[in-house]
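I opened my notebook to look up a few parts of this structure, one at a time. Here is what I wrote down.

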Amino acid sequence: MSQKLENAKSLYLKGIKEGHINVVDTLTGDRYTQHSTGVPDGSKGFKEFFADFLNRTNDRDIRVIRAIEDGNNVFVHVYQDIDNGKAKWVTTDMFDTDENNRMIEHWDVIAAYTEVKDTVSGNDVVLGDFELKDLDKTAENKILVRNFITDVFQNGNHNAVEKYVSTEKYIQHNPQVPNGIDAVKGFLATQDFNYDFIFKIIGQGDHVVSYSKATFNGTELAVFDIFRIENGKIVEHWDNMEPIPPRDEWANTGKF
């Protein structure tokens, strides 16, 4: 694991889980541009926000479930159980880093964790095994995901789903959507969901992450999608969505 990825994990595990918020001073660079809308820019903004969080919480079970890196960017997929079930969250975070592997910019999406008993597919929304494979296929897998979103969702070519998604298996971790390609087709046919733009796509081997602005039934969302690819087809999908708050509630320049 690279130093930049270790730094991202340390921000969570040492800074938030263990409560050593001053670690942010050594993990961030000359700037720390923040896109989590309730948190001001800079290490000072991070410490001010999380000082209150640490004062309000006692037990913080925080686990980094997935982590990938692509150039200067790193991404972590995190499960949080606060105060023994008082609150449970799924957080998806992407960081840009400088030449010293320190974090200089941060984007995130936070959503309530859905218990596996409440998911349509019976799959957990975040927990599970993680292994990176096919490291030589990163570039082609990133292209596949970009083309899938633009062709099928943005351009409305719903009949092209089988070009991108496996017909043999498609494991779904969105809590409201069943497994299988037929569920994808059904979602496209019945739901008013559109990707307004793709902000960033990063990948490492068989895992690709996209960060996008989307609209669902008129609500603007920040969306992280995580895809796993086998033999040129998408076979597994996780996502995390958060409504974008009104501009007057932002403590920084916004989600993107």
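Predicted model: local features only at pLDDT ≥ 70, side-chain atom pairs only at ≥ 80, totals over all residues.

**Entry 1: strands β2 and β3**

I started with strand β2 (residues 60–70) and its partner β3, and found them antiparallel, joined by 10 bridges. For one facing pair I noted D61, which stands opposite D81 in β3. Then I looked at the turn. β2 and β3 make a hairpin with 2 residues between them. G71 sits in that turn, and its phi is positive, about 65 degrees.

How many residues of β3 are buried? I counted 10 of its 10, so I put β3 down as mostly covered, given that buried means under 20% relative accessible area. Next I sorted the residues by side. In a regular strand the side chains alternate between the two faces of the sheet. On one side of β3 I listed N73, F75, H77, Y79 and D81, and on the other V74, V76, V78, Q80 and I82. Both faces are covered.

**Entry 2**

I wrote down two facing pairs. I82 is opposite A87 in β4, and H77 is opposite T92 in β4. The hairpin of β3 and β4 has 4 residues between the strands. In its turn, D83 has a positive phi of about 55 degrees.

Is β4 enclosed or open? In β4 (residues 87–97), 8 of the 11 residues are buried, so the strand is largely enclosed by the rest of the structure.

I moved on to strand β5 (residues 103–112). β4 pairs with β5 in the antiparallel sense, over 9 bridges. Here F95 stands opposite H106 in β5. The hairpin of β4 and β5 has 5 residues between the strands. N101 in this hairpin takes a positive phi near 70 degrees.

**Entry 3: a serine in a loop**

I picked S36, in the loop between β1 (28–34) and α3. Its relative accessibility is 11%, so S36 counts as buried. What does S36 touch? Leaving out residues up to four places away in sequence, I listed H106, D108, N252 and K255. H106 was already in my notes, as the residue facing F95.

**Entry 4: two packed helices**

Two packed helices are described by the angle between their axes and the distance between the axes. I looked up both for helix α1 (residues 3–17) and helix α3 (residues 42–56). The angle is about 55 degrees, and the axes are 11 Å apart. That angle makes α1 oblique to α3. From α1, the contact uses L11, G15 and I16. From α3, it uses F46, F50, F53 and L54. I sorted these contact residues by type and got 6 nonpolar, 1 polar and no charged.

**Entry 5: helix α4**

I then listed its buried residues: T138, N141, L144, V145, F148, I149, D151, V152 and F153. What covers them includes the helices α5 (161–164) and α6 (181–190). Strands β7 (193–204), β8 (207–216), β9 (219–230) and β10 (233–243) are also among the cover. α4 lies across these four strands, β7, β8, β9 and β10, and runs at about 180 degrees to β7. After α4 comes G156, with a positive phi near 75 degrees.

**Entry 6: the open sheet**

What is the order of the strands in the open sheet? I wrote down β6-β10-β9-β8-β7, 5 strands with mixed pairing. β6 (171–172) and β7 stand at the edges with a single partner strand each, so one side of each has no neighbour in the sheet. Further in, β8 and β9 run antiparallel, joined by 10 bridges. K213 stands opposite A222 in β9.

N217 lies in the loop between β8 and β9, and its phi is positive, near 50 degrees. At 52% relative accessibility, N217 counts as exposed. N231 lies in the loop between β9 and β10. Its phi is also positive, near 50 degrees, in a residue other than glycine. N231 is exposed, with a relative accessible area of 72%.

Note on methods:
Residues numbered from 1 in each chain as written. Heavy atoms only, no water. Buried < 20%, exposed > 50% of the residue type's maximum accessible area, 1.4 Å probe, protein only. Contact = heavy atoms within 4.5 Å. Axes fitted to C-alpha atoms, helices over the stretch in contact; angles between N-to-C directions. Parallel < 35°, antiparallel > 145°, perpendicular 65-115°, else oblique. Nonpolar A, V, L, I, M, F, W, Y, C, P; charged D, E, K, R; others polar. Pairing = 2+ DSSP bridges.
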